[in-house]
Amino acid sequence: MQTIDPREDLQATQTSIKKDAEQVKTLEDEKGALDPTDPRVEQISERAVDLTAALQAKAAAEHELSKEIQEAG
């Protein structure tokens with residue numbers, strides 16, 4: 001049976017957050033280069049909303065993992 005290492009989980013969560021944040025930046029750059037009436041703006045915005053929701057959940061998990069690690073000493 002494999003033991004769950006909260007430090008590894010924290011590192012994986014941090015990596016995932018960075019990746020999602022980079023994707024949001026890329027989407028926002030792409031969207032900013034388009035005319036606001038371009039139908040792709042809505043599609044890109046929807047994707048950004050999805051990613052930022054995922055970021056919020058991951059940030060909450062990261063916070064909990066950090067607390068767990070600190071409490072374990």
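Among contacts between residues at least 6 apart in sequence, what share join residues at least 24 apart? In this predicted model, the share is 71%. The chain has two helices and zero strands.

Start with the overall outline. The C-alpha atoms fill a box of roughly 55 × 20 × 15 Å along the principal axes. The radius of gyration is 17 Å, whereas a compact globule of 73 residues would have one near 11 Å. Buried residues make up 23% of the chain. The accessible surface comes to about 5,600 Å², and carbon and sulfur atoms account for 53% of that surface.

Now take helix H1. H1 covers residues 6–32, 27 residues in total. From first C-alpha to last, H1 reaches 38 Å, close to the 39 Å expected at 1.5 Å a residue. At its start, a side-chain oxygen of Asp 5 comes to within 2.9 Å of the backbone nitrogen of Arg 7.

Which residues of H1 are buried? They are Pro 6, Leu 10, Thr 13, Ile 17, Asp 20, Val 24, Leu 27 and Lys 31. An α-helix has 3.6 residues a turn, so residues three or four places apart point the same way. The buried residues of H1 pack against helix H2, residues 39–72.

Thr 13 lies in H1 and counts as buried because its relative accessibility is 14%, under the 20% cut-off. Leaving out residues up to four places away in sequence, Thr 13 touches Lys 58, Glu 62 and Leu 65. Asp 20 is also in H1. Its relative accessible area is 7%, so Asp 20 is buried too. With the sequence neighbours up to four places away again set aside, Asp 20 touches Leu 51, Ala 54, Leu 55 and Lys 58. Asp 20 and Ala 54 are 34 residues apart in sequence, yet their C-alpha atoms are 8.1 Å apart in space.

In soluble globular proteins, nonpolar side chains tend to be buried together. Here the largest nonpolar core has nine residues: Ile 17, Val 24, Leu 27, Leu 34, Val 41, Ile 44, Ala 48, Leu 51 and Leu 55. H2 gives the most, with five residues.

Terms used: Residues are numbered from 1 along each chain as its sequence is written. This is a predicted model: local features need pLDDT of at least 70, side-chain atom pairs count only at pLDDT 80 or more; totals for chains, interfaces and linings use all residues. Side-chain values use heavy atoms; hydrogens and water are left out. Helices (H or I, at least four residues) and strands (E, at least two) are DSSP runs, numbered from the N terminus. The expected span of a helix is 1.5 Å times one less than its number of residues. Buried means under 20% relative accessible area, exposed over 50%, partly exposed in between (1.4 Å probe, protein chains only). Contact means heavy atoms within 4.5 Å. A polar contact is a pair of N or O atoms within 3.5 Å; within protein, one must be able to donate a hydrogen and the other to accept it, and residues adjacent in sequence count only if both atoms are side-chain atoms. A nonpolar core is a set of buried Ala, Val, Leu, Ile, Met, Phe, Trp, Tyr and Cys residues joined through side-chain atoms within 4.5 Å. The radius of gyration is taken over C-alpha atoms; the globule rule is 2.2 Å times the number of residues to the power 0.38. Accessible areas come from the Shrake-Rupley method with a 1.4 Å probe; for residues, only the protein chains shown count as cover.
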